[in-house]
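Student: Could we go through this structure together, one question at a time?
Tutor: Gladly, please bring it up.

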Amino acid sequence: MSIEVKDVTYTYSPKTPYASTALKGVTLRIEEGEYVGVIGKTGSGKSTFIQHLNALIRLQSGEIKVYDIDLTAKKPDLKRLRGTVGMVMQYPEYQLFDETVEKDVSYGPKNLGLDDREIKERVREAITLVGLDYEDIRDRSPFELSGGQKRRVAIAGVIAMRPKVLVLDEPIAGLDPKGKQEILALVKKLKASFSPTVIVVSHDMDSVAENCDKIALFSDGEIARFASPREIFYDDELLAKTELDCPSVVKVAKELSRLGMSLPSMPVTKAELIAALRERRAHG
Amino acid sequence: MDNIVFGQYYPSNSPVHRLDPRVKLLIVLFYIVTVFFVADYAMYGVLFLFIVAVALLSKIPLRVLFRTVRAVVVLVLITSAINLFFTKGEELLFSWKFISIYKEGIERAIKLALRLILLMLFPSLLTLTTTPMELTDAIESLLSPLKVIKVPVHAIALIMSIALRMIPILMEETNKIILAQKARGADFDTGGVLKKAKAMIPVLVPLFVGAFRRADELALAMDARCYSSVAKRTKYKVMKLTVADLVAALFCLSVFALVFLNKYLWHFDEMILSLFR
């Protein structure tokens, strides 16, 4: 078990006219090795939820445990927590600040209090891992890079901390299709290397269906369902209730079945759809 | 964000909220002048009651109003301390080594503190009951006679409203960047002044870069819509004086008049004191 969330409720600006409850009794459990998608309409509490995971938002009520770090403690070990849960915020390229790429990426590990050799090693590893040429880019200013490169550098800045849990808030927002594919492939690579648990907030249902083992569907500050993509995207009642859009694959499958071509399985990824179509043809 | 209450609009639909912002602005200007003419404690009391009355009428919780004083607490303490220790008078109350406190010093310290607090409270009511946009419109309208001598009133108002509009955006941006850097293990809370200042660099650099980016985008967007500062344009919200504005102005001005009458004619304090003699 890597993350356990119990009955977490959070209100912004409590006791003012601006008070708004963003989370209402959220409970879920994320196992190590899972790729979890967090979806829901804007304002459904997704961002508030993930910011709880590394105590960017302090608990108001409820319990959260990340590995052995208890966030209900009066003074949780924030340094260790933030080294454990790496958070890539929305548009992470806007957090770049230092003169060179190398210095910027080393900001996180430095804050963890590592020694210089270890930092250098991690920075090289992180920059290489995000698909950039370390020797070529280390001394360049992060501000002169292209948009896609900036985002990679920003992600490198987080993974240089070698987090066991990688949380990404809308990692593919504002990118072109090619950039999207590259970032998604990168996340997979990171998951395979040292961040076994990945949590992604996304509005892009195709990428969620394609990559996630489980989906936490948020609706009005509550978890409407925490289940596999198949269970969620084929639950028409749930989809209607939460005004959720389907991934293209599911749309195709449903349209086919409406036209009388029902498939032998319920595909959510492209590969599954192709396999289902093949199987259908083989059986006539 | 809680500590930047000064200048924060407190939404409600009270008679004070509905007043013409120009009238409110002028009343506050008169008020500020008036505060400097307050001569004795009785008048401080009168002004204080006046503020409480307006606050009650505007449906703003007194707790929210008095919170704005927190912003000037340090200033109040410092000025009061300076006056307490450095005012020389006739009646020496306390003396130890180089410190000597006179009765006059105590009185001056108290009066200055009261004056600063009063100066903070009422203008806070203005910003609590008036949106920044209304205020800008009011300033533009009040300054418009200056157009005759070629003062670019509209441009000034536009700059003000853009600046005001950008404050919440920049605050939000600051918070986001702070969160992002905290997620990278940044520590803004411990260490000495120098360390804390240094810790702000990873916040300030992206903030400035972002501000310039936004300014560029905004200029481009305005250009794309053929914005011109000399074009004649109408207002979406037309400000109109009503009977309520007149009543409010008269009421406030008569309270302020009380202060002046007291200072130059009545000497209220002495009248009250003489009753007890």
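Student: How much area do chain B and chain A bury between them?
Tutor: First, a word on the basis: this is a predicted model, where local features need pLDDT of at least 70, side-chain atom pairs count only at pLDDT 80 or more, and totals for chains, interfaces and linings use all residues. Residues are numbered from 1 along each chain as its sequence is written, chains are lettered from A and ligands numbered from 1 in the order in which they are written, and side-chain values use heavy atoms, without hydrogens and water. Buried area is the accessible area (1.4 Å probe) that two parts lose on being put together, summed over both. For chain B and chain A, with 60% of it on carbon and sulfur atoms, that comes to about 1,900 Å².

Student: In chain B, which residues lose the most area to chain A?
Tutor: The contact (heavy atoms within 4.5 Å) takes 22 residues from chain A and 20 residues from chain B. Three residues of chain B together make up 37% of what that side buries, and they are B:Leu179, B:Ala183 and B:Arg184.

Student: Which residue of chain A meets B:Arg184 in a salt bridge?
Tutor: Side chains of opposite charge can pair when their charged atoms come close. The rule for a salt bridge asks for a side-chain nitrogen of Lys or Arg within 4 Å of a carboxyl oxygen of Asp or Glu. The count between chain B and chain A is one. At 2.9 Å, N to O, the partner of B:Arg184 is A:Asp104.

Student: Which helix gives the largest share of the side of chain B that touches chain A?
Tutor: Helices here are DSSP runs of H or I with at least four residues, strands are runs of E with at least two, and both are numbered from the N terminus. Two helices of chain B give two or more residues to that side, H8 (153-183) and H10 (201-224). With seven residues, the largest share comes from H8(B).

Student: How far apart in sequence are the parts that B:Arg214 and B:Glu173 tie together?
Tutor: Their side chains meet in a salt bridge at 2.5 Å, N to O. B:Arg214 lies in helix H10 of chain B and B:Glu173 in helix H8 of chain B, so the pair ties together parts whose separation in sequence is 41 residues.

Student: Is B:Glu173 buried or exposed?
Tutor: Buried means under 20% relative accessible area, exposed over 50%, and partly exposed in between (1.4 Å probe, protein chains only). B:Glu173 has 10% relative accessibility, so it counts as buried.

Student: Which residues is B:Thr34 in contact with, leaving aside its neighbours within four places in sequence?
Tutor: B:Thr34 lies in helix H2 (residues 21-35) of chain B. B:Thr34 has a relative accessible area of 2%, so it is buried. Its contacts beyond those neighbours are B:Phe256, B:Val259 and B:Phe260.

Student: Where does A:Glu272 lie?
Tutor: The side chains of A:Glu272 and A:Arg230 meet in a salt bridge at 2.7 Å, N to O. A:Arg230 lies in helix H9 (residues 229-233) of chain A, and the pair ties together parts 42 residues apart in sequence, with A:Glu272 in helix H12 (residues 270-282) of chain A.
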